[in-house]
Amino acid sequence: MTDFAGKTYDIAIIGGGPVGLFAAFYAGMRGASTIIADSLEELGGELMAIYPEKYIYDIAGFPSVLAKDYVGPAVEQALSMGAEVTLRTEVTGLERDEQNELIRLETTKGEIVARTVIICAGIGAFEPKRLDVDGIERFEGGKGVHYFAKHVEDFRGKRVFIVGGGDSAVDWAVTLGPIAESVTLIHRSKFRAHEHTVQQLLHGPADVFYPGYVATGIQGEERLEGVTFVNTDTGEEQTVEVDEMICAIGFKADLGPLKTWGLETERNQIVVDKITMETNIPGVFGAGDIVTYPAKFRLIATGVAEAVTAVNHAVTRYNPDARLDPGHSTNIMEKKAREAEKEAQLAAADDD
Ligand SMILES: Cc1cc2nc3c(=O)[nH]c(=O)nc-3n(C[C@H](O)[C@H](O)[C@H](O)COP(=O)(O)OP(=O)(O)OC[C@H]3O[C@@H](n4cnc5c(N)ncnc54)[C@H](O)[C@@H]3O)c2cc1C
C-alpha cells in the first residue's frame with residue numbers, strides 16, 4: 001500500500017476509473033508525481049464495478065473489448081509512469097492551503113497533500129436504484145435478485161428476467177440471449193440504450209415487453225421463482241417463472257462528500273471550464289463523468305481527452321515555465337529515455 005504521509009504530489013487524482021487512470025499515465029509522462037485515491041477495492045471504476053464482462057465498442061483502436069480487458073492495460077499504462085495508488089481510500093474533504101499553494105485532501109486513510117488535484121470521481125459514490133416491488137429485498141444477496149450483476153457465466157442456462165431500458169439492461173439482455181435458457185426484458189418507457197444494441201435486442205432471442213411494462217410482484221420461498229408484471233395501459237398482468245432477475249434501472253448519482261468542498265455543481269456534476277477543465281477552485285481540475293460543461297458527452301473516449309487537457313493545465317499551474325502543449329508522446333518518451341541515459345552515465349561517472 002502506498003504510504004502518502006509526509007509527501008507532496010504534483011497531481012493527486014480522485015478516482016481510479018478509466019479517466020483517472022489515463023490522467024495518471026499522462027501526468028506521469030509529463031514528469032508529474034502522481035497518486036490515485038479510490039474508495040473501491042480495485043481500479044477500473046464503473047467498468048470493474050458494474051460491467052466487467054460487457055463489450056465496449058467505441059474506444060479508439062478496439063473494434064470491441066471486454067470492459068475488464070480494457071482496464072488491465074489501462075492500469076498497466078498508468079502504473080508504468082510511476083503513479084502511486086491508494087485503494088479503499090475515500091476522499092472526504094478538500095481544502096486549499098492558499099499560503100503554501102497546496103491542496104489538502106482529507107481521506108479515510110489520512111491526508112494527501114498535492115500541488116494540484118484532478119477529480120475523476122465518475123458519478124460519485126454510486127448506489128443502484130432499488131425496484132419498488134413488495135418483498136424484493138428478501139431475494140437480494142445470492143437468492144436471485146441482482147443489482148450488481150457482473151459475471152456472464154452466473155446466468156448460463158438460467159431463465160433470466162431483466163428490468164430496465166438503459167445501456168446496462170439492454171447490454172445484459174443481448175449478452176445473455178445466446179447462453180441463457182430464456183431472457184425476458186421489461187421496460188416502462190422508450191429505450192435509452194445505444195441504438196445499435198437496441199436493434200440487436202429487438203432482433204435477438206429475448207422476449208421484450210415495452211413500453212408501459214412494470215414489475216408488480218415477486219414469488220419464491222427460499223429463492224426467487226417468478227415475477228409478475230403488468231401493462232400499465234391495459235392493466236393486463238402476467239407471471240413468468242424465472243431463476244434470476246437483473247434490476248438495471250440506473251444508479252443514484254450522489255456527489256456525497258464532494259458537495260461540501262465549495263465546488264460549483266449542476267445536477268450532481270461539477271462545473272468546469274471547457275478550455276482548461278479547471279473547477280471554480282484554483283488548482284482543482286475535473287475530467288470524465290463527474291464534470292459538466294456545454295455539450296458534454298459521458299463517454300470514455302471524451303473523458304480521457306478531458307484528462308489530457310486537465311493534466312496539461314495542471315502542470316502549467318504548478319510549474320508556470322512548463323509548456324502547455326508537450327507535443328507528441330513519441331517525442332516526450334524519446335526525450336525521457338535520453339535524460340535517463342544521461343543520468344545513468346553521470347551516476348556511473350560518480351561511481352568511478
Ligand atoms: C452498463 C454500462 C455500459 C457502458 N458502456 C459504455 C460504452 O460502451 N462506451 C463508453 O464510452 N462508456 C460506456 N459507459 C460509461 C462509462 O463507463 C463511463 O463514461 C466511464 O466509466 C467514466 O469514467 P470515469 O473514470 O469518469 O468514472 P468511473 O468509471 O465512474 O470511476 C470513478 C471512480 O471514482 C471513485 N470515486 C468516486 N468518488 C470518490 C471519492 N470521494 N473518493 C475516492 N474515490 C472516489 C469511484 O469509486 C470510481 O472508481 C457505460 C456505463 C455503464 C454503466
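Analyst: Happy to! A word on charges before we start: Lys and Arg count as positive and Asp and Glu as negative, while His and the chain ends are not counted. Also keep in mind that this is a predicted model.

User: Good to know. How many positive and negative side chains does the protein have?

Analyst: There are 33 positive and 55 negative side chains in the protein. The centres of the two sets lie 2 Å apart.

User: And the overall picture: how many helices and strands?

Analyst: The protein has seven helices and 22 strands. Its C-alpha atoms fill a box of roughly 80 × 40 × 40 Å along the principal axes.

User: What share of the residues is buried?

Analyst: Of the 352 residues, 50% are buried.

User: What about contacts between residues 24 or more positions apart?

Analyst: Those make up 55% of the contacts with a separation of 6 or more.

User: Let's zoom in on a helix. Which residues of α5 are buried?

Analyst: Helix α5 covers residues 195-202, and Thr-197, Val-198 and Leu-201 are buried there. Looking down the axis of α5, the buried residues fall within an arc of 100°, so they line one face of the helix.

User: Nice. What sits on the face turned away from that buried side?

Analyst: That face of α5 carries Glu-195 and His-196, which are exposed.

User: And what covers the buried residues of α5?

Analyst: The cover includes helix α4 (167-176) along with strands β12 (182-186) and β13 (207-209).

User: Switching to strands. How do β14 and β15 pair?

Analyst: They are antiparallel, with seven bridges between β14 (residues 213-220) and β15 (residues 224-231). Within that pair, Gly-217 stands opposite Thr-228 of β15.

User: How many residues are in the hairpin that joins β14 to β15?

Analyst: Three residues make the link from β14 to β15.

User: One more spot: what is the order of the open sheet with three strands?

Analyst: The order is β19-β20-β22, and the pairing is mixed. Strands β19 (265-266) and β22 (291-292) are the edges, each pairing on one side only.

User: How many bridges join β19 to β20?

Analyst: Two, and β19 runs antiparallel to β20, which spans residues 269-271. If you want a pair to click on, Thr-265 has Ile-270 in β20 as its bridge partner.

Conventions: Residues numbered from 1 in each chain as written. Predicted model: local features only at pLDDT ≥ 70, side-chain atom pairs only at ≥ 80, totals over all residues. Heavy atoms only, no water. Helix = DSSP H or I, 4+ residues; strand = E, 2+ residues; numbered from the N terminus. Buried < 20%, exposed > 50% of the residue type's maximum accessible area, 1.4 Å probe, protein only. Contact = heavy atoms within 4.5 Å. Charge placed at Lys NZ, Arg CZ, Asp CG, Glu CD. Arc of directions from axis to C-beta. Pairing = 2+ DSSP bridges.
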